[in-house]
Amino acid sequence: MARLSEKSLRIAHEIIGRYPVKKSALIPLLHLAQEQDGYVTDDAMEHLAELLDLTPAEVLGTCSFYEMFKREPVGDYRINICHGIACHLLGADDLIHHAEHSLGVRQGTVTADGISVEGVECIAACTEAPCLQVNYRYMNKVSTEGFDALVAGIRDGSVSVPKHGRLALTRQHIPEDRAAGNAMVESDVAPPWWPDDAEGDS
Amino acid sequence: MPFEKIVTKRFDDLEAHKIANYEATGGYAALRKAMTMTPQAVHDEVKAASLLGRGGAGFPAGIKWGFCPPGVWPRYLVVNGDESEPGTYKDRQLLERDPHQVIEGCLLACYAVGLTQCFLYIRGEMAHAQERVAAALNEAYAAGYVGKNILGTDFSVDIVLHWGAGAYIVGEETALIESLEGNRGMPRLKPPFFPAAVGLYGKPTIVNNVETLANLPWIIDRGAEDYTAMGADNSKGTRVFAVSGHVNNPGVFEVEFGTTTFRDIIEGADYAGGVRDGKALKAFIPGGASAIWFYEEHLDLPLEKVTVDKAGSMLGSGAIVVMDEDTDMVKACHNLVRFFARESCGKCTPCREGTTWLERILARMIAGHGRPSDLSLLVEVSENISPGLAWPPRQTTICPLGPSAVSPIASSIERFRDEFEAYITLSDRRVIPVGTA
């Protein structure tokens with residue numbers, strides 16, 4: 001599978017340019033690889049290693065720590081049902097049970113048309129419990145009927161969420177003429193607005 | 001001074017995330033004002049406001065800022081927007097609904113402490129917050145509020161949007177820095193890695209929570225005196241609490257810090273409106289999954305840091321979770337412990353092994369295979385993670401995650417021992433085929 005495409009590579013270089021140390025760009029770039037292919041491929045990890053002067057093992061080391069990175073195909077639509085304490089109190093377990101039955105898959109497996117469901121830890125929507133995310137887009141106060149309607153909507157195309165891998169639809173862009181520039185680790189100079197006599201701030 | 005909202009004041013305006021709406025309601029006025037002040041004067045104002053960090057530990061922000069060693073450059077700002085403590089729901093709202101307020105707070109902190117680059121770390125799962133902040137940053141750069149020569153002065157700083165990939169532990173400040181360096185998010189040993197001295201790339205780094213920074217524009221605009229006029233002795237200003245669980249009107253409420261009580265916020269008609277369906281309160285978590293549970297007798301305590309600390313728990317991240325009389329406390333305890341077991345980073349043995357075993361024992365109990373020795377076993381394993389089961393928890397680990405997993409166990413076994421025993425008694429009566437338990 002794929003290394004980064006030309007388009008992804010352009011975005012990658014812009015991201016790398018925002019950090020004083022290249023390796024800091026690794027997690028955003030892993031997201032970029034996942035956005036391109038739906039999951040993080042071995043080839044993409046090797047490509048990231050080349051871009052960031054790392055070994056592929058270092059890239060895998062970081063990639064494998066984080067829940068959101070998938071290293072095998074996981075389908076286009078991931079439904080993450082929160083089972084944190086607030087959602088637990090308001091019926092998350094029943095909702096997950098219903099989801100498994102109505103989709104006909106266990107947690108962590110994918111339907112033939114690319115939908116999967118998983119119980120996940122608190123997603124910070126506790127006052128809207130029980131809640132879920134489809135590809136990291138929220139749905140609040142979800143009933144079993146609401147869940148079925150969501151799945152029907154995904155299947156007939158009326159629910160539009162970006163496919164798994166794409167997070168924010170807006171990207172940060174720092175215009176060249178507005179950039180302050182990276183604070184390089186070795187620079188060792190006080191910032192220009194820092195008064196000379198304020199050296200030892202209290 | 002009468003109470004007024006500070007950080008959620010624009011939440012009624014659904015377009016408040018746009019720069020025009022922000023500017024029209026006093027936005028970036030504090031930044032303009034700060035440009036007429038010295039960095040030290042801005043720092044002093046924040047110190048005088050005695051703003052407590054809103055991430056969980058509640059350390060005074062102005063004092064934390066002063067810990068950067070003099071003459072060591074560059075210094076960085078890392079914004080902790082990795083909100084994931086179960087029950088906590090405030091930073092995501094601030095980022096989605098009023099992102100410019102957070103950005104202005106970042107700028108004020110950078111100016112005051114001489115921080116020359118800011119990384120705004122947003123939790124990976126929060127796609128909408130990421131796009132709102134990205135859009136707001138793009139607007140703020142175009143308008144000259146962020147970047148080179150801000151408002152025509154010699155103050156220059158880039159704010160870089162960074163996003164994570166799913167790991168609760170990254171909310172711990174040294175793990176956050178590890179993650180921002182592109183590594184596995186495992187906490188660093190303190191000392192030597194106190195971020196203000198040795199942080200990002202080994203350089204002085206201030207790590208502040210989103211809500212903490214969101215308070216700064218108001219403080220600079222209105223002054224520390226107005227800020228300290230609100231709140232109690234040790235807890236000034238306002239604070240945002242999320243009340244969830246078995247209540248009539250779960251919600252996120254900004255209240256005067258230190259004077260409002262748990263009863264006000266849980267039962268008040270303007271707030272969560274009481275336990276739902278007329279049920280009785282069984283317990284509530286006062287400050288996120290890591291906190292010791294509170295009960296009926298704690299309802300009249302004020303939401304004030306020192307008082308709650310003294311009562312044996314914490315306000316933590318402002319997450320109040322209410323459990324009614326029908327709640328199965330063994331299952332609630334298991335739910336919280338499973339969270340810590342799944343989120344343990346694996347660096348320290350007591351946490352990695354301990355939380356895993358605690359989760360297994362509780363799961364076994366719920367599945368009907370509990371053993372009479374399980375209660376003492378739960379306590380013994382907990383003691384190995386946090387000796388004495390004291391509050392604040394003693395640590396055998398680098399960070400507080402493991403010891404936090406002990407809180408729900410200490411709470412529930414002490415108060416609801418009979419429920420654990422009922423599970424065990426029930427399972428004793430079952431015929432369990434040999435080899436399955």
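Which residue of S8(B) is the bridge partner of B:Ala242? The points below lead to the answer.

1. This is a predicted model, in which local features need pLDDT of at least 70 and side-chain atom pairs count only at pLDDT 80 or more, while totals for chains, interfaces and linings use all residues. Residues are numbered from 1 along each chain as its sequence is written, and chains are lettered from A and ligands numbered from 1 in the order in which they are written.

2. Chain B has 17 helices and 8 strands, where helices (H or I, at least four residues) and strands (E, at least two) are DSSP runs numbered from the N terminus. Its C-alpha trace spans about 80 × 45 × 35 Å along the principal axes. A compact globule of 437 residues would have a radius of gyration near 22 Å, and the 23 Å of chain B agrees with this; the radius is taken over C-alpha atoms, and the globule rule is 2.2 Å times the number of residues to the power 0.38.

3. Of the 437 residues of chain B, 61% count as buried, a residue being buried if 20 or more other C-beta atoms lie within 10 Å of its own, exposed if 12 or fewer, and partly exposed in between, with C-beta atoms placed from the backbone.

4. For chain B the domain assignment, which is automatic or from a database, gives domain 1 (19-228), domain 2 (238-324) and domain 3 (329-428). The C-alpha centres of domain 1 and domain 3 of chain B are separated by 35 Å, and their contact takes 8 residues from domain 1 and 8 residues from domain 3; two residues are in contact if their C-beta atoms, placed from the backbone, lie within 7 Å. In chain A the assignment gives domain 1 (6-71) and domain 2 (77-156), with C-alpha centres 28 Å apart.

5. One open sheet of chain B has 4 strands in the order S6-S5-S8-S7, with mixed pairing; two strands pair if DSSP finds at least two bridges between them. S6 and strand S7 (281-285) of chain B stand at the edges with a single partner strand each, so one side of each is left without a neighbour in the sheet. To return to the opening question, S5(B) and S8(B) pair in the parallel sense over 4 bridges, and the partner of B:Ala242 in S8(B) is B:Ala319.

6. Another open sheet of chain B has 4 strands in the order S3-S2-S1-S4, with parallel pairing, and its edge strands, S3 and strand S4 (205-209), each pair on one side only. Strand S2 (residues 117-122) and S3(B) are joined in the parallel sense over 6 bridges, B:Cys118 having B:Ile159 as its bridge partner in S3(B). H8(B) lies across strand S1 (76-81), S2, S3 and S4 of chain B, running at about 110 degrees to S1(B); axes are lines fitted to C-alpha atoms, for helices over the stretch in contact, and angles run from 0 to 180 degrees between N-to-C directions.

7. The contact between the chains takes 76 residues from chain B and 63 residues from chain A. The elements of chain B that each supply at least two residues to this side include helix H3 (39-48), helix H8 (173-180) and helix H14 (329-343), while the largest share, 8 residues, comes from H7(B).
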